[in-house]
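Please keep the sequence and the 3D view at hand while reading.

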Amino acid sequence: MNRAATLVLLLIAAGALILRWPALDQRPFHTDESVHAIKFLGLWERGVYRYDPREYHGPSLYYATLPVAWLARAAGESQPGERTLRLVPVAFGVALILLLPLLRDALGRRGVMAAAIFTTLSPAFVFYSRYYIHELLLVLATLAG
């Protein structure tokens, strides 16, 4: 990608961040989010996560949350709350947009930009980028793989 296209993609990603970041702690956790928060807090408090292949999606969400929780603690947050935990899917949702150039051979430059805009504005992607569950991590891993 040339500089202009890279700049446009970064501006689109900034727009995605603006749509996904605000008021992450203004609604209580959904049941699914609560289950994942409890699993993460077990890792956070004990430093160990035991994977059970019969349930959930594995430890990726919880281990991806650790650096965010460490930064939040360094900033004075005593216990990771909704905002801190939901920052993880926000980051992965924005990263998804930044990785769309991987599809350039298939979509072309204009197709990548259109996909970035549609992904940024998609109600489903905005919603799931603000929801503490594994799905955005799985979508990002699929794109990156």
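## Contacts along the chain

Of the contacts in the protein chain between residues at least 6 apart in sequence, 74% join residues at least 24 apart. The model examined here is predicted, and every value below was computed from it.

## Overall architecture

The secondary structure of the protein chain consists of seven helices and zero strands.

Along the principal axes, the C-alpha atoms fill a box of roughly 45 × 35 × 25 Å.

## Surface and charge

Buried residues account for 37% of the 145 residues in the protein chain. The accessible surface comes to about 8,300 Å², and 63% of this surface belongs to carbon and sulfur atoms.

## Aromatic pairs

How many aromatic pairs does the count give? The count comes to six aromatic pairs. One of them is formed by Tyr-49 and Tyr-62, whose ring centres are 5.1 Å apart, with 45 degrees between the planes; this pair is tilted. Tyr-49 lies in the loop between helix H2 (31-46) and helix H3 (60-74), whereas Tyr-62 lies in helix H3, so the pair ties together parts that are 13 residues apart in sequence. Both Tyr-49 and Tyr-62 are buried.

Ring pairs also link Phe-127, Tyr-128 and Tyr-131 into a cluster.

## Two loop residues

Tyr-56 is found in the loop between H2 and H3. Its relative accessibility is 34%, so Tyr-56 counts as partly exposed. When residues up to four places away in sequence are not counted, Tyr-56 touches Val-35, His-36 and Lys-39. Tyr-56 and His-36 are 20 residues apart along the chain, and their C-alpha atoms are separated by 8.7 Å.

Ala-23 has its place in the loop between helix H1 (3-20) and H2. Although Ala-23 is not a glycine, it has a positive phi of about 55 degrees. Ala-23 has a relative accessible area of 42% and is therefore partly exposed.

Is Thr-84 buried or exposed? Thr-84 is found in helix H4 (residues 82-98), and its relative accessible area is 1%, so it counts as buried. With neighbours within four places in sequence left aside, Thr-84 is in contact with Val-68, Ala-69, Ala-72 and Glu-77.

Leu-96 is also found in helix H4. Why does Leu-96 count as buried? The reason is its relative accessibility of 5%, because buried means under 20% relative accessible area. Leaving aside neighbours within four places in sequence, Leu-96 is in contact with Thr-119, Phe-125, Leu-136, Val-139, Leu-140 and Leu-143. Leu-96 and Leu-17 are 79 residues apart in sequence, and the distance between their C-alpha atoms is 11 Å.

Notes:
Residues numbered from 1 in each chain as written. Predicted model: local features only at pLDDT ≥ 70, side-chain atom pairs only at ≥ 80, totals over all residues. Heavy atoms only, no water. Helix = DSSP H or I, 4+ residues; strand = E, 2+ residues; numbered from the N terminus. Buried < 20%, exposed > 50% of the residue type's maximum accessible area, 1.4 Å probe, protein only. Contact = heavy atoms within 4.5 Å. Areas by Shrake-Rupley, 256 points an atom, 1.4 Å probe, with all protein chains shown as cover. Phe/Tyr/Trp six-rings, centres within 6.5 Å; stacked < 30°, edge-to-face > 60°.
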